[in-house]
Amino acid sequence: MKHLLVFFWMLCSTLSLVAQSLGNTVLATIDGKPISRDEFMYAYQKNKALSGQKSLTPQEYLNLYINYQLKVADALAKGLDTTKTFRREFQLYRDQQLSKKLVDPSFIDSTARAIYQKEAQQLNGKDLIEVSHILLNVPSTATAAQRDKVAQRADSLYQAVLAGADFAELARRYSEDKGTAQNGGQLPTLYPGMTVLPFEEAAYSLQPNQMSRPVLSPFGYHLILMRNRHPLPAFEQVYPSLLQYLRENNVEEAAAQQALTALQTKTGQSRTSIMDSLARNLTANDIQLTYLIQEYHDGLLVYEVSKRNVWDAAEKDRAALEEVFKRNRKSLKWEKPRFVGYIVGAQNKKLAKRARKLLLKGIPADMDIREFLHAPFNKDSVVVAAKGRYIVQKGENSTIDHLAFGVKTSKVYLLHDDMPVTMLAGRVEKRPKSFEDARSEVLEIRQKQLEEAWLQQLRSSHRVTINQEVLKSIPMAR
């Protein structure tokens, strides 16, 4: 347990911050709150690494960064950091990052090495093999005649591959191992003991690109194709993949929880108290960890305040969306015509035509399509169904391709097996006729309007200062 408690001293010591350096000089302030050069550089360089696009200049990125920090300030002013949802989500993330620090790196290394040694022991000097197979099942109750019939089919496939047929294509068509057939019969990397003995012996007898004759196992007849075989790589080569495996299987998290439980037992402190102490001490000594946790904290706030001020506000203001559409009607164009409307399914043509006529009048914005059709058609039993509202161009929906765009090779799919009539309620348009036809584009315009107005208000109500000398000292991100 000693290696899990290596960071315990952090909970009992008081650390002081290092003296101010160039990195900690103030680049900008918002209402007197400083933004350090280091803090900005962390965000600037990370943005470049994530975007992979042409770098913004420090000045260009600083403008965006200040906008971001103004949104954070707005969220804090609204008290969004005090909500139960925010506190719960932020604390969960913070504790996940901090608890990893309780685990001695040597513990993870030793666990990875133990996995490697176990795999080496299982191999016992043999290769790892990569094979594909075609399986023809032989039921356990099969008679000799039935087994011989499957054997003949297996031999026919064997001869077909020898004659030049593609093994993967035959596997997709004929293999009865449904888990691998669609992948051309490819199995995961194997080592001794992973498969039944007849299969294993036959597979290990093959060289790369060599195929076995039909092999009988308890499952049936197999054709086995050796794709590759190689000895276990050195530990150093597979170490990164072992670490990834441990992370994916939450080994690091489990070790951290074990260490945290031990600390609770040793100190008598609650989990929350330990994590709060760990946060104070670790962030005082690890500026990158501080920035990472602060980044998540601010990101949660900006998401919530943007959702309230921009995304939800735009979505709910139908009158504003209609006005945006009216003002931008000429610029809202489609490259190709689109079908706008619904697919209707019904038990007969008369019902389908009635439903189409009703749907063309429009569904109330706050009503589900099933609710809309319930009263006029489906009170006693479901005789009419509809899907949509579709806004699609040719090639995006087979039924609409056939019925709206005249593509006779496209298949018309029934909405339900007991509704043999399928028709459309809608039209093919060259350009959107209402804001609903161009909803995503109209929403984007409206969101941009709200965002710009919001930022203008934030800029006018907060005092921002920039230290130009410090800004000039920041190199272009590469």
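Student: Let's start with the second largest pocket. How many residues of its lining are nonpolar, how many polar and how many charged?
Tutor: Keep in mind that this is a predicted model. The lining of the second largest pocket has 13 nonpolar, five polar and seven charged residues.
Student: What is the volume of that second largest pocket?
Tutor: The second largest pocket has about 510 Å³.
Student: What about backbone angles elsewhere? What is phi of aspartate 31?
Tutor: Near 55°. That is a positive value, and aspartate 31 is a residue other than glycine. Aspartate 31 sits in the loop between strand S1 (26-30) and strand S2 (33-36).
Student: New topic: helix packing. At what angle do H4 and H9 cross?
Tutor: Roughly 110°. Helix H4 covers residues 105-123, helix H9 covers residues 235-248, and their axes come within 10 Å. The two helices are therefore roughly perpendicular to each other. H4 passes H9 in a right-handed crossing.
Student: Which residues make that contact of H4 and H9?
Tutor: From H4 there are Ile108, Asp109, Thr111, Ala112, Arg113, Ile115 and Tyr116. H9 brings Phe235, Val238, Tyr239, Leu242, Leu243, Tyr245 and Leu246. Sorted by class, the contact of H4 with H9 holds 11 nonpolar, one polar and two charged residues.
Student: How about H5 and H6: at what angle do they cross?
Tutor: Roughly 155°, with the axes of helix H5 (residues 144-162) and helix H6 (residues 167-174) coming within 10 Å. So H5 and H6 are roughly antiparallel to each other. H5 passes H6 in a right-handed crossing.
Student: Which residues of H5 and H6 meet?
Tutor: Leu157, Ala160 and Val161 of H5 meet Phe167, Leu170 and Tyr174 of H6. By class, this contact has six nonpolar residues, no polar ones and no charged ones.
Student: Last pair. How far apart are the axes of H12 and H17?
Tutor: They are 8 Å apart. Helix H12 (residues 287-316) and helix H17 (residues 439-461) pack at an angle of about 135°. That makes H12 oblique to H17.
Student: Is the crossing of H12 and H17 left-handed or right-handed?
Tutor: Right-handed.
Student: And which residues meet there, in H12 and in H17?
Tutor: On H12, they are Val305, Ser306, Asn309, Val310, Trp311, Ala313, Ala314 and Glu315. On H17, they are Arg439, Leu443, Arg446, Gln447, Leu450, Glu451 and Trp454. The contact of H12 with H17 divides into eight nonpolar, three polar and four charged residues.

Notes
Residues are numbered from 1 along each chain as its sequence is written. This is a predicted model: local features need pLDDT of at least 70, side-chain atom pairs count only at pLDDT 80 or more; totals for chains, interfaces and linings use all residues. Side-chain values use heavy atoms; hydrogens and water are left out. Axes are lines fitted to C-alpha atoms, for helices over the stretch in contact, and angles run from 0 to 180 degrees between N-to-C directions. Helices (H or I, at least four residues) and strands (E, at least two) are DSSP runs, numbered from the N terminus. Angles under 35 degrees count as roughly parallel, over 145 as roughly antiparallel, 65 to 115 as roughly perpendicular and the rest as oblique. A crossing is left-handed if the near helix is turned anticlockwise from the far one by less than a right angle, and right-handed if clockwise. Contact means heavy atoms within 4.5 Å. Ala, Val, Leu, Ile, Met, Phe, Trp, Tyr, Cys and Pro count as nonpolar, Asp, Glu, Lys and Arg as charged, and the others, Gly among them, as polar. On a 1 Å grid over the protein atoms alone, a cavity is a set of points where a 1.4 Å probe fits but cannot get out, and a pocket is an open set with protein on both sides within 12 Å along at least five of seven lines; lining residues have an atom within 4 Å of a point. Grid points are joined across faces, edges and corners, and a volume is the space filled by probe spheres set on the points.
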